[in-house]
Amino acid sequence: MNMDGTLTPMMQQYRQVKESHPDGVLFFRLGDFYEMFFEDAQKASQILNIALTSREAGKGKKAPMCGIPFHAAESYIAKLLSAGLKVSICEQMEDPAQARGIVKREVIRTITPGTVLETGVVADKRNNFLASITGKGDQFGLSLMDVTTGEFKVTELTSKEELMRELARQSLSECLIPKSFEQDLSLFLSRELPRVMVTAIEDWKYDFETCQNLLKEHFHIQSLDGFGCRDLTWGVMASGLILNYVKETLGNSATHITQLLSYQRTDALRLDKITLRNMELLDSLHPMEGNKGTLLWVLDQTRTAMGSRLLQHWITHPLLDLHEIYRRQEGVGELFEWGVELGKLREILGDIRDLERLLSRIHCDFANARDLVSLRISLEIMPTLKAQLNLFHCEILSSLREDLVDLSPLKELIEKAIEDHAPLGLREGGMIRHGYDLALDELRDIARSGKDWVTQLQKKEIERTGIKSLKVGYNRVFGYYIEVSSPNLPQVPLDYIRKQTLANAERFITEELKHYEEKILGAQGKSEALEYEIFIKIRDEVKSYTASIQKMAQAVATLDTLTSLALVALKNDYVWPQVNDSDVIEIEEGRHPVIEQISVGEGFVANDTLLDGHENQILMITGPNMAGKSTYLRQVALIVLMAQMGSFVPAQKASIGLVDQIFTRIGANDELARGQSTFMVEMNETANILHHATPKSLVILDEIGRGTSTFDGISIAWSVAEYLHQDPDVKARTLFATHYHELTDLEMTLPGVKNYNVMVREWNDKIIFVRKIVRGGADKSYGIHVARLAGLPKAVIERAKDILSCLEEGTIRLEELPKGPFLEKGLEDAPRQLTLFDPRSGLVEALKILDLDRLTPVDALLKLKELKEKFLKV
Ligand code: ADP
Ligand code: MG
């Protein structure tokens with residue numbers, strides 16, 4: 001240890017602690033403050049916006065310092081965590097008044113984004129997962145733990161892409177990776193999941209035996225096979241590591257982690273990160289207030305945080321198991337039929353507290369008396385909730401009723417022992433009810449009687465001495481005293497012992513007073529200590545009910561989620577979709593669940609859909625800008641997703657042939673901030689779809705090929721459609737929206753392609769959006785009409801129309817383009833399509849620079865004409 005002899009003893013102690021905990025900002029407890037020193041102080045004072053001062057560090061040296069009151073630590077911790085820092089809490093381990101020499105201090109906990117328990121720091125309605133990854137080559141083990149709820153799961157994945165996809169759908173805050181992965185993975189993570197803190201762990205800790213034993217010991221089991229971990233070598237390592245990390249950072253044995261759930265990515269409908277984002281499931285692309293505009297926003301009518309978290313899980317993990325889907329649907333269906341009576345159920349649910357987080361706080365020795373009262377209140381509600389559930393008969397609701405076990409002994413214990421309005425702290429008394437513990441009541445009586453006794457004594461001494469102004473008082477330093485003002489000093493009796501001299505009075509003590517002082521002060525302290533002891537005993541007692549409370553919490557969450565779905569279905573007029581094993585997706589009068597809630601004025605126009613693996617495999621949807629193509633595409637995807645999560649859907653009738661994955665490619669995503677051009681991103685996403693889609697998949701392609709020139713774009717879109725149509729391994733059900741009318745020609749050559757367009761009517765030189773999807777391709781793009789709607793000057797619009805008619809006379813038709821050799825020869829040659837034009841001509845480059853999405857329709861037309869003349873010599 002490099003011990004600097006010139007430092008004060010306390011600063012030496014600080015240095016020692018800091019050296020053994022170098023990772024986080026060190027909160028060093030000094031009385032009622034957490035102080036930070038040196039570099040920590042400099043960093044933290046800026047982030048927290050608090051004053052940077054200094055403290056004597058020894059031999060005239062000054063240490064930079066800043067501090068925060070310990071009781072307000074939560075909000076400061078939250079700020080430091082979101083700035084990407086960890087916080088180590090160093091507490092005083094003994095009473096400073098009793099300490100000889102320097103007070104003993106120890107780091108009791110390190111707070112990291114993935115291990116934080118403070119209610120003010122983690123969002124109520126979101127999971128807070130800590131991930132752990134390990135593996136080799138293309139084999140990865142992934143373990144996930146939410147310390148705040150006790151969830152713990154593990155899986156294995158067979159590629160980095162899969163791993164990233166799995167991570168993207170979790171509500172993640174921190175990720176543990178082996179040090180040797182750091183270069184490779186942490187860059188990747190920080191790009192894909194920028195808000196996640198990456199913590200690198202020494203490689204030697206990834207030892208299979210050690211990790212396996214750690215898990216076995218924690219769960220008190222002989223083998224991990226029961227958790228389905230028999231073959232999960234990487235998974236077991238990732239899980240052991242996460243458990244160890246959590247125990248170390250929490251400084252606690254994390255006994256609320258009661259099981260490890262192994263799962264496979266094939267258990268749920270696959271959604272990649274791009275699709276999660278494009279479909280605006282939990283987060284909006286254009287954040288309005290909160291999550292407005294998302295599917296969650298529409299579906300979340302839950303009354304508990306547990307329900308809301310579960311609903312998010314259901315949304316991001318739609319099911320693939322028909323039986324399980326039906327089981328949920330039945331629950332929603334029965335609740336739906338209940339109609340207005342749902343209100344009662346929701347009212348009951350609304351009084352139940354976050355049992356999962358309460359339990360975590362209890363197990364991590366974080367819970368105070370108020371937490372136990374919250375638990376009691378929730379337990380009190382259970383019989384009423386159970387009685388309500390008696391009204392239902394379907395399998396899922398009946399099984400939930402079974403899970404609401406009777407915990408009245410626990411409820412009674414808390415009721416008998418804990419005060420309703422207990423203080424937040426555990427050391428100041430006031431938590432335990434009168435009548436619960438005899439010894440405590442006696443101590444409290446003595447402490448309380450002290451006050452009466454003092455009044456009595458004062459009266460007695462005034463009588464005895466004849467000094468009317470005599471006072472009996474108390475102060476923290478000198479304890480109890482009798483105060484006599486200077487003029488009355490001659491009357492002081494002999495048995496008074498002088499204790500303290502003031503400006504115009506003297507303070508005394510007597511043997512009797514001394515004796516009582518000891519008794520009273522002792523009783524106060526003892527009763528507080530005893531209360532603490534009793535409280536801890538009760539809190540530990542609660543832990544023995546863990547399994548039942550966890551079951552109960554899950555049941556409440558499930559019921560809340562089902563009830564929410566039923567209520568939303570009722571309010572918005574949804575139907576029970578039939579989900580089956582066919583390849584047909586048939587929707588009558590489908591609506592977009594979110595747009596229909598937001599669109600004001602014009603009502604939402606419902607539309608039908610028929611998709612299958614044969615004649616209706618690819619729907620080519622054309623229509624002018626703003627007609628409703630994108631809305632229609634997303635609406636179909638959302639209805640499928642909702643059906644597979646067990647929800648009812650916005651339609652008149654729907655039957656959904658199970659979908660294994662939904663892919664989306666949605667135009668004009670500006671990812672320039674990530675250093676990739678829009679077009680590159682678009683092609684990456686398209687490549688991903690073509691590599692992974694199956695005949696069971698649903699593919700949504702909105703405006704593909706838009707990020708490049710028209711001819712490039714048409715060619716790419718054309719060949720992508722052919723590939724989706726022809727490759728037997730892909731052959732996915734596809735909705736293809738495009739403004740390239742040329743693509744409607746595909747219907748003539750490919751039997752699985754059907755043309756649709758979003759109808760518009762022309763009326764007096766204006767267009768009216770009818771928003772109906774009808775068979776056939778659109779014939780015009782109406783870009784100029786939209787330009788008018790956008791308020792372009794009239795002269796510009798007129799001129800554009802002239803130019804348009806000129807252009808239309810010489811319309812670029814596909815027949816004029818050199819046909820890609822792949823059309824005749826088959827798909828192997830498809831990539832050559834990209835070099836349809838001789839790159840040396842300069843056209844491709846010129847077209848790439850021309851970003852049509854960023855030009856007004858008029859500019860685009862003018863530019864196009866110019867290029868056409870230059871390169872194609874029309
Ligand atoms: P496109 O993709 O064809 O350019 P969008 O799908 O973006 O058009 O639709 C533009 C707007 O039209 C939407 O924001 C929505 O307000 C409205 N809209 C789309 N479809 C409908 C519909 N079926 N009923 C009512 N309004 C709709
Ligand atoms: Mg669109």
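Modeller: Angles under 35 degrees count as roughly parallel, over 145 as roughly antiparallel, 65 to 115 as roughly perpendicular, and the rest as oblique. This model is predicted, so local features need pLDDT of at least 70 and side-chain atom pairs 80 or more, while totals for chains, interfaces and linings use all residues. Residues count from 1 along each chain, chains are lettered from A and ligands numbered from 1 in written order, and side-chain values use heavy atoms, without hydrogens or water.

Take α17 and α18 to begin with. Helix α17 spans residues 438-465, and helix α18 spans residues 511-543. (Helices are DSSP runs of H or I, at least four residues.) Their axes come within 8 Å and cross at roughly 155 degrees. (Axes are fitted to C-alpha atoms over the stretch in contact; angles run from 0 to 180 degrees between N-to-C directions.) So α17 and α18 are roughly antiparallel. Their crossing is left-handed: the near helix is turned anticlockwise from the far one by less than a right angle.

Now the side of α17 that meets α18. It includes A439, L440, L443, R444, I446 and A447. Further along α17, G450, W453, L457 and K460 also take part. On α18, the partners include E512, L513, Y516, K519, I520 and A523. Q524, K526, S527, L530, E531 and I534 of α18 join the contact too. (Contact means heavy atoms within 4.5 Å.)

Next, look at α12 and α14. Helix α12 covers residues 342-350 and helix α14 covers residues 369-389. The two axes come within 10 Å. They cross at roughly 155 degrees. Therefore α12 and α14 are roughly antiparallel to each other. The crossing of α12 past α14 is left-handed. From α12, the contact takes K344, L345, I348 and L349. From α14, I381, T384, L385 and Q388 face them in that contact.

Then go to α15 and α19. Helix α15 runs over residues 395-403, helix α19 over residues 546-572. Their axes come within 8 Å, and the crossing angle is roughly 150 degrees. That makes α15 roughly antiparallel to α19. Here, too, α15 passes α19 in a left-handed crossing. I396, L397, L400 and D403 are the α15 residues in the contact. They meet K551, M552, A555, T558, L559 and L562 of α19.

To look again on screen, try each pair in turn. For α17 with α18, find W453 on one helix and Y516 on the other; both belong to the contact. For α12 with α14, I348 and I381 are among the contact residues. For α15 with α19, L400 and M552 are among them.

Note on methods:
Helices (H or I, at least four residues) and strands (E, at least two) are DSSP runs, numbered from the N terminus.
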